[in-house]
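Subject: Structure handover

Hello,

Here is the structure for you to look at. My notes follow below it.

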Amino acid sequence: IVVTDVTGSMSPYIAQVFMWLRGQTENTSAQGFVFFNDGDNKSSNRKKPLETDGVYAVNNNSTEEVMSMAAKCMKKGSGGGENLENDIEAIILGQEQYKKIDEIILVADNRESMRDYKFIEKIKKPVHVILCGSDRRVNIQYLDLARQTKGSVHTKEKDILKLEDLE
């Protein structure tokens with residue numbers, strides 16, 4: 001599955017992300033897509049880890065369906081402003097909905113942190129993180145996510161593989 005952050009903080013990259021997503025819809029190994037917006041305009045004080053909401057899943061039946069769901073998720077979001085996002089909640093929902101997957105691709109905003117970071121152990125498949133906005137540094141939370149799930153991290157400049165070998 002492909003899990004994608006469509007919160008307001010992703011706006012500088014969203015055109016590129018959408019172009020990449022279009023290509024992934026043609027990839028028959030991508031069973032589904034999960035989009036998250038950090039709560040469907042829910043106020044910050046009501047957002048709890050793994051209960052934030054604003055997570056939408058769609059089967060990979062057609063490019064139009066996938067792109068329509070991404071746009072719907074974006075519209076229902078708050079437009080940004082917070083620095084905590086519900087990446088893990090979205091991955092877990094995707095993992096539960098698409099039980100036969102082998103791997104997860106997460107498209108995330110490197111500049112934001114995960115509200116639900118402490119729940120990484122609930123992820124049972126390798127997560128390959130594609131980071132947007134990683135020109136100066138890589139957010140340690142995404143390195144941890146990839147390392148603990150035996151996944152990888154990919155930036156514009158570098159692919160970071162075999163993180164599980166690092167101490």
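Why is strand 7 largely enclosed by the rest of the structure? Five of its six residues are buried, where buried means under 20% relative accessible area, exposed means over 50% and partly exposed lies in between, with a 1.4 Å probe and protein chains only. Helices (H or I, at least four residues) and strands (E, at least two) are DSSP runs, numbered from the N terminus.

Before going on, note that this is a predicted model, in which local features need pLDDT of at least 70 and side-chain atom pairs count only at pLDDT 80 or more, while totals for chains, interfaces and linings use all residues. Residues are numbered from 1 along each chain as its sequence is written, and side-chain values use heavy atoms, with hydrogens and water left out.

Seven strands make up an open sheet with mixed pairing, in the order 3-2-1-5-7-8-9. Strand 3 and strand 9 (159-160) are its edge strands, each pairing on one side only. Two strands pair if DSSP finds at least two bridges between them. Strands of a sheet pair through backbone hydrogen bonds, either parallel or antiparallel.

Strand 1 (residues 2-5) pairs with strand 2 in the parallel sense over four bridges, and V3 has V34 in strand 2 as its bridge partner. Six bridges, also in the parallel sense, pair strand 5 with strand 7; here L106 is opposite V129 of strand 7. Strand 7 also runs parallel to strand 8, joined by three bridges, with H128 opposite S152 of strand 8. From strand 7 the chain passes through helix 4 to strand 8, a right-handed β-α-β crossover. Right-handed means that, with the strands pointing away from the viewer, the path from the first strand over the helix to the second runs clockwise.

Helix 4

Which residues of helix 4 (residues 140-149) are buried? They are Q141, Y142, D144, L145, A146 and T149. Their cover includes helix 3 (87-97), strand 5 (104-109), strand 6 (113-114), strand 7 (127-132) and strand 8 (152-154). At the start of helix 4, a side-chain oxygen of N139 comes within 2.9 Å of the backbone nitrogen of Q141. After helix 4 comes K150, with a positive phi near 60°.

Leaving out residues up to four places away in sequence, D109 touches D5, S9, M10, E85, C132 and Y142, contact meaning heavy atoms within 4.5 Å.

The K47 side chain reaches the backbone oxygen of D38 at 2.8 Å.

Regards

Note on methods:
Polar contact = N/O pair within 3.5 Å; in protein donor to acceptor, adjacent residues only side chain to side chain.
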